[in-house]
Amino acid sequence: MRRERRRGGPVLLAGLGGFALGAATVLFVVWVYGVHPAGAPPPLPGVSPPRGAAPGEAPPAAAPGGGANRTGPPGGEAAPPPAVGSDVDALGRRHLLLPVQGLRREQLRDSFSEGRAGHLHEALDIMAARNTPVMAVEDGRLAKLFFSAQGGNTIYQFDPSETYAYYYAHLERYADGLHEGDRLRRGQVIGYVGTSGNAPPESPHLHFAIFRLTADKQWWRGTALDPFLVFTQPQ
Ligand SMILES: [Zn+2]
């Protein structure tokens, strides 16, 4: 009895010490890496989608669906239809091209549900060397070239049926000769990976989002869909 109690003290203390050390480590990791899961690249403060309105435009209205706040001129306030799994399935069947040259599907990591400053990310971050070509994921109209404080140089492309929009952000620059209204072809180089907007200078990446447009097809509004799920649908 006594011996057990004597042994119990140090064991208990060691246990508490170990727990404290573990807790401190966890707190440190959380402090450094934010809410990102273990094994994830460092958080990218500034990989948020754009929120700033263009000069002369009214204050942005938050896009439905939380974090994928794309911004633009004011418009109708009608709520978009809710996103459904069938959207992901439908897009998956199109076998969209991966938007960064040389990228393999196995390299993708889902970052759709991660937290970003004050909102959900609702997009896919694809790390790549600066100036790696960015390609259109399928055919469709270039709806908007837009510069915002957060997204930097961005492109909004509609799919051929104008049901969905593809959003490419933090581009180093646009491809030469690109204009709004262009009919883009799948695989066409439309820009280059960079850090424009609020992307960290040491972390060039493409911020890529997909959203279902509302009935009035405004380029900045819609319901976010997870690109990772679209790209990793069984082929
Ligand atoms: Zn991002």
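1. Asp-87 counts as buried, because its relative accessibility is 2% (buried means under 20% relative accessible area, exposed over 50% and partly exposed in between, with a 1.4 Å probe and protein chains only). The model is a predicted one, in which local features need pLDDT of at least 70 and side-chain atom pairs count only at pLDDT 80 or more, while totals for chains, interfaces and linings use all residues. Residues are numbered from 1 along each chain as its sequence is written, and side-chain values use heavy atoms, with hydrogens and water left out.

2. The side chain of Asp-87 is joined to that of Arg-212 by a polar contact of 3.0 Å (a pair of N or O atoms within 3.5 Å, of which, within protein, one must be able to donate a hydrogen and the other to accept it, residues adjacent in sequence counting only if both atoms are side-chain atoms). Leaving aside residues up to four places away in sequence, Asp-87 touches Tyr-164, Arg-212 and Leu-225, where contact means heavy atoms within 4.5 Å.

3. Asp-87 lies in helix H2 (helices, H or I with at least four residues, and strands, E with at least two, are DSSP runs numbered from the N terminus). In H2, which spans residues 85-92, Asp-87, Val-88, Leu-91 and Gly-92 are buried. Seen down the helix axis, these buried residues fall within an arc of 130 degrees, so they line one face of H2; the arc is that of the directions from the helix axis to the C-beta atoms. The cover over them includes strands S7 (164-174), S10 and S11 and helix H3 (227-231).

4. Leu-229 is found in helix H3 and, with a relative accessible area of 38%, is partly exposed.

5. The structure holds eight aromatic pairs (rings of Phe, Tyr and Trp, the last by its six-membered ring, with centres within 6.5 Å; planes under 30 degrees apart count as stacked, over 60 as edge-to-face and the rest as tilted). Phe-146 and Trp-219 form a tilted pair, at 5.0 Å centre to centre and 55 degrees between the planes. Phe-146 lies in strand S5 (140-148) and Trp-219 in the loop between S10 (205-213) and S11 (222-225), so the pair ties together parts that are 73 residues apart in sequence.

6. The rings of Tyr-156 and Trp-219 have their centres 4.8 Å apart and their planes at 70 degrees, so this pair is edge-to-face. Tyr-156 is buried, with a relative accessible area of 0%, and Trp-219 is buried at 11%.
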